[in-house]
Amino acid sequence: MASALIVYAHPAHQRSRANRALLDRISDLHNVTVHDLYETYPDFFIDVEAEQALLLEHDLIVIQHPVYWYNMPALLREWQDLVLEYGYAYGRQQQKLAGKGMWVVMTAGAPEHTYSETGVNERPLSDYFLHYPRMANVCHLDMKPTFEIYHGRHTEDATLGDAAEQYRSRLLSYLKELSNHA
Ligand SMILES: Cc1cc2nc3c(=O)[nH]c(=O)nc-3n(C[C@H](O)[C@H](O)[C@H](O)COP(=O)(O)O)c2cc1C
């Protein structure tokens, strides 16, 4: 069975509603490891070797975070710079993550309609995160369609529950797909 590593970056998980609902819904899956970056590295000193080894042990890399200032939280950005380094994640014949799956999961505070040409955020959320497909391309990762939750702190409980259900089933289907290819 394929396995997933959720690289989770939430600076205030104790106050989370949306991400917590997602993670709660998959907490029974034994082949899924939730790796909480802010819990592991409160001082921002990332153990690069340990992170690189952890990625190698898994088939699907899930990058999960709330949207902060149209971007990823700072520690995830630091992780990306240090862990996905030349000679490991990219470089001639040195793409150690090549062939693994990559799935981005993000939660936004603003409602979905604000992320459009006529909305206050002027463009789709995906436009602010065009670096993710580039990262997948450079590292030869197979990027799955991004999972987005909007209005994270204010959606109805039932809507959030449905989203958590979809999140779980998407995760399981990617793992099944990766198991079949192994
Ligand atoms: C410092 C900070 C910056 C934020 N920036 C954005 C933003 O640019 N766009 C947005 O839609 N929401 C933004 N938010 C709202 C969070 O994305 C939202 O509260 C979170 O995704 C909800 O998920 P959670 O319940 O797991 O915390 C921001 C929140 C904080 C604290």
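**Group meeting: a helix pair and a ligand site**

Val 48, Glu 51, Gln 52 and Leu 55 of α3 touch Trp 79, Leu 82 and Val 83 of α4. Contact here means heavy atoms within 4.5 Å. By class, that contact holds five nonpolar residues, one polar and one charged. Nonpolar covers Ala, Val, Leu, Ile, Met, Phe, Trp, Tyr, Cys and Pro; charged is Asp, Glu, Lys and Arg; the others, Gly among them, are polar.

A word on the source. This is a predicted model, where local features need pLDDT of at least 70, side-chain atom pairs need 80 or more, and totals for chains, interfaces and linings use all residues. Residues are numbered from 1 along each chain, and side-chain values use heavy atoms, without hydrogens or water.

Back to the helices. α3 spans residues 48-56, α4 residues 74-83, and they pack at about 85° with axes 10 Å apart. Helices are DSSP runs (H or I, at least four residues), numbered from the N terminus. Axes are lines fitted to C-alpha atoms over the stretch in contact, with angles from 0 to 180 degrees between N-to-C directions. So α3 and α4 are roughly perpendicular (65 to 115 degrees).

Now the ligand. It is surrounded by 16 residues, the closest being Ser 16, Arg 17, Val 67, Thr 107 and Tyr 115; the cut-off is a heavy atom within 4 Å. Which backbone atoms come up? A polar one of Val 67 sits 2.7 Å from a ligand oxygen. For Trp 69, a backbone N or O is 2.8 Å from a ligand nitrogen.

Methods: Helix = DSSP H or I, 4+ residues; strand = E, 2+ residues; numbered from the N terminus. Parallel < 35°, antiparallel > 145°, perpendicular 65-115°, else oblique. Polar contact = N/O pair within 3.5 Å; in protein donor to acceptor, adjacent residues only side chain to side chain.
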